[in-house]
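Open the structure in your viewer and keep the sequence panel beside it. This tour tells you what to select at each stop and what is there.

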Amino acid sequence: MEDSTRHKRLLAFKLALVACGIGVIGLASVRVYSQQADMHWLMLLALAVAGSWMPTSQIPGDKGVITASDTIIFLTLLLYGSDAALLVAAAATASESARFTKRWLSFATNISLICCSLFLSIFLVGVIFGDLRLLAHHKESFLGYALGLSLFATAQAVINHGLVVAMVSLKSGKPMLHTWRESYSWGFITFFSGMLTAGIVNALVYYYGFWAASFTIPVLLANYLAYRPYIKNIEAARRHVEETRALHLRTLEAFATAVDAKDQITHEHVQRVQIYAKGIARLIGLSDKEIEALHAGALLHDIGKIAVPDYILNKPGKLTAAEFDKMKLHTVVGAQILERIQFPYPLVPIVRHHHERWDGNGYPDGLKGEDIPLTARVLTVVDCFDAVREHRQYRRAMTREEAIEILRKDRGIHYDPRIVDLFIENLPVFEEQIAQMKKGEQSFTPLEVEDSEAIHRALPAAGLAEEPTAKKPAEYIHAILAAHQSSNEIVALYEIAQTFTSSLDVRDTLAVVVSKLDKIVPFDTCVVYLSDEASGAAVARHVEGLNAEDFRGRGIRPGEGVTGWVLANNKPFANTDPALDLSALGTQVKGYRTLAVYPLVKGERTLGALALYSQKLGSYSDDQLRMLEQVAGLTADAIQKALLYTETKDNSANALTDSLTGLPNARYFYAFFEQEQVRAAEDEYPLVLIAMDVDNFRRVNEAVGHDRGDQVLKEVSELIRAQLRREDMLIRYTGDKFIGLFRNAPPEKISEIAVRIQTSVSYHRPGVAGAEDVPLGISIGQAQLRRDGETLEELLEKAERRLQADQSAHKSFRQFTDAKEEARQ
């Protein structure tokens, strides 16, 4: 049952109970007033009210209490009847409830509960034995008297317990029988002891008069003094055990929180996962201990990451096989850490198996389907959903819809399909609970019933203790995050520098700057201005973020606005009104609060400026500006190199292209491959290289000479180029060797292209006189990045070996066919 449904039913139950209580108290008041009975019962009422303020004894490990006023209520019933007893019970309960609650509904519910249970118990006993008061006045029937009192005590215990347990069950969602066994089974003793005391005092009053009722006071006091030392000792021992356990858990929680901070996991993420997990657990009927395990598992499931190096946890991009093996250890390490603690609920299976997959391809044990613990399957789904929606150093946060789509796509592959469907169906309910949590409300927790001893005179309070309000992350968490942020900034700078070394294009260089910068210095709009010598202005060549089209292509002259001042003085400027820059650019965009602009200077040359504009930040911090300064320095170096490359390519095309075929040459290929290697790693697509060597080309040169042989080679290059896709690249590597580079092509497509190349070349008859009769062919060997090597040299070596094997096969085939032809002749 959903929490909102239980809340509505609980509210209706309490309102109905209050309505019945008002009717019972009203009826009793009218009858007492109309009968003008003996008013000595008012003295018992005062004694009951005083007793409600006496110290109470808490049952150790429970929420129940032993109170003094119950015996007086029962005595009033035996001496003055049901109406007086109901009014005494109402007064005593009101007096005690006033100490524990300020809410009118809880106050009224406590009073109504005791009065309704008392009324029903009296009615039931009256049907069987008649008026208890009359029965008490006929002492010659001792057996009937004893049976009547016993039945009343039993009825009061059952009815009162039933009402209390019903409210607690509506609040917590637990079965009523389970709730009674867990917290209320001890209560029968208090009813019978209270009734026994009242029966004894009633007999004394019968023989010695009303003032014998004062004997109640020493009896109750003796009872209290007898219980108190024993209960205090047990309570002290229990408190010591709980404090020790709480200290242990707080220590473990602090440790786990520190580990989570190391992996950039936030406190809010843990809270949301706990809400999701507990909600799903209730929907599928998990036990209380399993729900407790999930609550703890949301916090502790990644505690084993203490054994994983930081560079792996926060590595941008895909992990290598060796790194992934180290990452997988965290499930086993975490389980081993927690096994030593011996939790009273099944936490270890969650920690060990939360990375198992429904199809059996997970780790560490490769469990499949229903063999994976159900609690681990629940945590896997909810943790994945929330984790992908948080920003990480190595990836952006996903939207709600994107996260849902991931669960649907991997439903039945990574995740239990039933859990996925149930989670998505109930996600709006969980999100409402999270919103309430953020507002500081507690309605997302099991719904509240007042924690008051007065809900019954000798019964536990009807409510559960509130969960503690979520605390803000401790300062040490911020310190850990700051330390790892600094480490991540260094990694990001290193990646920028590494990427720049493989980038030879200005446009690509600027794209790299922005993509990496976003991870270490926040902005809403990033603009890279490059100086245009012809116009004398700096033009926004690359823009990323908000209002990109309003900035792109606009120019700003030295001295105009903030960026112009930076260009004119070759000095940075930050944390001023961005409107100064926007007006100089001639754009009407608004909403920016601060900016930071750094010059891009290399030697004596001002290349442009790097500008960040923010709508969220009030100002950039010193650390952020320091990082931006270093990025600007790296960017200036990379831009100068890219500009030099462009100029070289424009002024000397032959430096990078083959003069005979017009194809890119080996020099260009070496530079281009590094850049393509980076792209393939970032976008995770296969990059395949094929090496090609023209067979029998030496015979062509021998037959027609090198000059005319070059014409044949040009024809071959055109044949090969015609078989490639538009996105593929063909390079004349050296002599009669060519290299093809294939981006994101399936293996079968590459094989098809290779066959077409070999077929077209072998059937080609050169157009050069004297070379027509030379049979041409082409041998091919291929290698794939990462599968066959990580560097260009490794790929070329692997492809060359396969090419030589292909040549040997062609040679053997030609020898076989030549021999066969000679034999036929």
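Select strand 8, residues 605-614, in this predicted model. Is this strand largely enclosed or largely open? Eight of its 10 residues are buried, so strand 8 is largely enclosed by the rest of the structure.

Strand 7 and strand 8 form a hairpin with two residues between the strands. In that hairpin, select Gly 603, which takes a positive phi near 65 degrees.

Pick Leu 530 and look across to strand 8, where Gly 608 stands opposite. As you follow a strand, keep one general point in mind. In a regular strand the side chains alternate between the two faces of the sheet.

Next, select some backbone details. Go to the loop between helix 15 (348-353) and helix 16 (374-387), where Pro 364 is found. A cis peptide bond joins Tyr 363 to Pro 364, with omega at about 10 degrees.

Move to Asn 575, in the loop between strand 6 (573-574) and helix 23 (579-585). Its phi is positive, about 60 degrees, although Asn 575 is not a glycine. Asn 575 is partly exposed, with a relative accessible area of 33%. Then select Asn 696, in the loop between strand 9 (687-695) and helix 26 (697-704). Asn 696 is another residue other than glycine with a positive phi, near 65 degrees.

The next stops are charged pairs. Side chains of opposite charge can pair when their charged atoms come close. How many salt bridges does a search of the whole structure find? The search finds 21.

Select Arg 272 and Asp 386, whose side chains meet in a salt bridge at 2.7 Å, N to O. Arg 272 is in helix 11 (residues 267-283) and Asp 386 is in helix 16, so look for the pair in distant parts of the chain, 114 residues apart. Both Arg 272 and Asp 386 are buried.Select Glu 370 and Arg 377 for another salt bridge, with the closest N and O atoms 3.3 Å apart.

Go on to Asp 421 and Arg 411, a salt bridge with its closest N and O atoms 2.9 Å apart. Asp 421 lies in helix 18 (residues 417-438), and Arg 411 lies in the loop between helix 17 (400-409) and helix 18, so the pair ties together parts that are 10 residues apart in sequence. Asp 421 counts as partly exposed, at 36% relative accessibility. Arg 411 is partly exposed too, with a relative accessible area of 39%. Then select Glu 370, Arg 377 and Asp 416 together: salt bridges that share partners join these residues into one network.

Finally, zoom out to the whole chain. Its secondary structure comes to 29 helices and 12 strands. Of the 825 residues in the chain, 48% are buried. The accessible surface comes to about 39700 Å², and 56% of this belongs to carbon and sulfur atoms. Among contacts between residues at least 6 apart in sequence, 67% join residues at least 24 apart.

Technical notes. Residues numbered from 1 in each chain as written. Predicted model: local features only at pLDDT ≥ 70, side-chain atom pairs only at ≥ 80, totals over all residues. Heavy atoms only, no water. Buried < 20%, exposed > 50% of the residue type's maximum accessible area, 1.4 Å probe, protein only. Helix = DSSP H or I, 4+ residues; strand = E, 2+ residues; numbered from the N terminus. Pairing = 2+ DSSP bridges. Contact = heavy atoms within 4.5 Å. Areas by Shrake-Rupley, 256 points an atom, 1.4 Å probe, with all protein chains shown as cover. Salt bridge = Lys/Arg side-chain N within 4 Å of Asp/Glu carboxyl O.
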